[in-house]
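Hi everyone, thanks for coming. Let me put my structure on the screen, and then we can walk through a few parts of it together.

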Amino acid sequence: MGVTSSFCCTDRSGIRRQSRPLSTCYVDFHKPAEVTQQGGAQARLFRLLPVVAQQSGTGNGRRSLGSGGPEWLGKDVSSSFNEVDFYNEVLHMRRWLQQDPPLQPVPKLGQQVKEEEYETSQTPWGIIDFMVSYHGLARSCTCSWVADGRERHRVADLLVFRSPFEGLARPRMLHLELGPRSLALQARHENEVSTGILARQEGIFVDGFLSPPQSIPSEGPTLDLRGWSWGDNTQRRAKRLPLQRLHLAEALNSLLDLRAAIAEERFWPSEDSVVGNLVPGQAATSRGDIFLQKFLSAAEYSELALRAFVSELTKLIRAVEEVPVPQKWVQSSLALLVEAGVAPPRVGPIQPEIWVASRVKIQILGWSKSRLSLPEQTTADERQDHELPWKIYQHHVGRVLWESARLYFHNFCAEEWETLKVHIYEISKGNSTVLCTGTLNLCDGVSESCTLQLFRGEKAMENSMGWPSQALLTVKFLALPEPSHFAG
């Protein structure tokens, strides 16, 4: 199928900007393209393997995964045709400003990019660094995927991106939808407080979660409704329902639940994994101590990852404020990515902070209802029309930063824990109900095993025999070796 430049039918500007010629990707890929994992979005993503120069004694010129070099993803243009103009405009700007050194020569002046369109911006658009790196169209690619138990094929044009998952063994991605949710927002003569209230009403929604912790998919949303009989598409959409009920703080907390990465690393054998001449309980403790000598614990990993997210979000909000002209980005997305399959090393040639920071990424994407406004091509009426949506977008980015900083303060800035509160929930279709709670005072000294009395409100819980309901807890302080930000 072919694709031409698109435009948004809701564009109310008096003069429609002439679209640029669409760029074809300069990399040749093997066919067919295979579908890859998704974070919950409706559009399919396809893994693209580039054709490399065949050398003597090598295979068919197909580069295997994990062999190094750029990693590529393709997105069906039929499901994102409204985004083509936006990505094409950013591609030309990125090449002209040299923010992302192009793998293809910069177009000659007058062919595709005009210098005067970008000369008003004395400094590069820093926000472009946070956008997914787009490299053009791959024409007539054969794509394959499995749906409803059958393998399907079709020929499609694909938008080609450098994979945001590049360099991550098991990427975990939290997909947030932010910004105004309607193109009908008009300029209003309101103060900053009213704009903040409107931004809160617009809301930030969780639209997808790739490789979530076990607590997220533990309850199947279609289990009670026999959704398994409706097909893969229905199940895929149904998985988004519990995500959209998550508060932003809960979603960020789930993103940083990195216990699985640490637990999987413990299964790998090592020279020190066998400890002899010890009783079974002591051997397990010794193996845990040996592991912590070489790798970070889950709490240490979460602390470094959250601090890296706060740093990246701070750079993002500064880049948003430096954009020279207000934008109207409607229902765009913010993706937070972190490594969830490997434990960070405590000792080695790379410091733990650098190792974690290189595996924490922030990407902005999703431009189906957006366009890139340039200073020389934006009228005064358009600037006024874009003012309110751009303030809402800034508020939402600031909200994500504030929630991340607040989560860091509450989780990692306490000098001493005083109480431990346990909530027991009943999970049912559509909602979660607190059954009972229990509180343990940590200041009085706690034994390794203790029982916790459970209450509903101020009334003690009892079972059918009249005995008090209790929870058995095992609490132990584990000292952490250096270097570490925690005593234990």
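Let's start at a turn. In the hairpin of E4 and E5, two residues sit between the strands, and Asp148 has a positive phi near 55°. Please keep in mind that this is a predicted model.

E4, residues 134–147, runs antiparallel to E5, and 10 bridges join them. One of the bridge partners here is Leu159 in E5, which pairs with Leu137.

Next, the inside. In general, nonpolar side chains in soluble globular proteins tend to be buried together. Here, the largest nonpolar core has 74 residues, and those with the most contacts inside it include Ile127, Leu316, Trp329 and Ile364. Which helix gives the most to this core? That would be H8, residues 298–321, with 12 residues. Another core lies apart from it, with 13 residues, including Leu48, Ala138, Trp145 and Val160.

Let's zoom in on Ile364. Leaving aside neighbours within four places in sequence, Ile364 contacts Ile127, Phe130, Leu316, Trp329 and Tyr393, among others.

Last stop, helix H10. With 33 residues at 1.5 Å a residue, H10 should span 48 Å, and its end C-alpha atoms are 47 Å apart, so the two agree. H10 does have a kink of about 35° at Glu387, shortly before the proline Pro389.

Notes
Residues are numbered from 1 along each chain as its sequence is written. This is a predicted model: local features need pLDDT of at least 70, side-chain atom pairs count only at pLDDT 80 or more; totals for chains, interfaces and linings use all residues. Side-chain values use heavy atoms; hydrogens and water are left out. A nonpolar core is a set of buried Ala, Val, Leu, Ile, Met, Phe, Trp, Tyr and Cys residues joined through side-chain atoms within 4.5 Å. Buried means under 20% relative accessible area, exposed over 50%, partly exposed in between (1.4 Å probe, protein chains only). Helices (H or I, at least four residues) and strands (E, at least two) are DSSP runs, numbered from the N terminus. Contact means heavy atoms within 4.5 Å. Two strands pair if DSSP finds at least two bridges between them. The expected span of a helix is 1.5 Å times one less than its number of residues. The bend at a residue is the angle between axes fitted to the seven residues ending there and the seven starting there.
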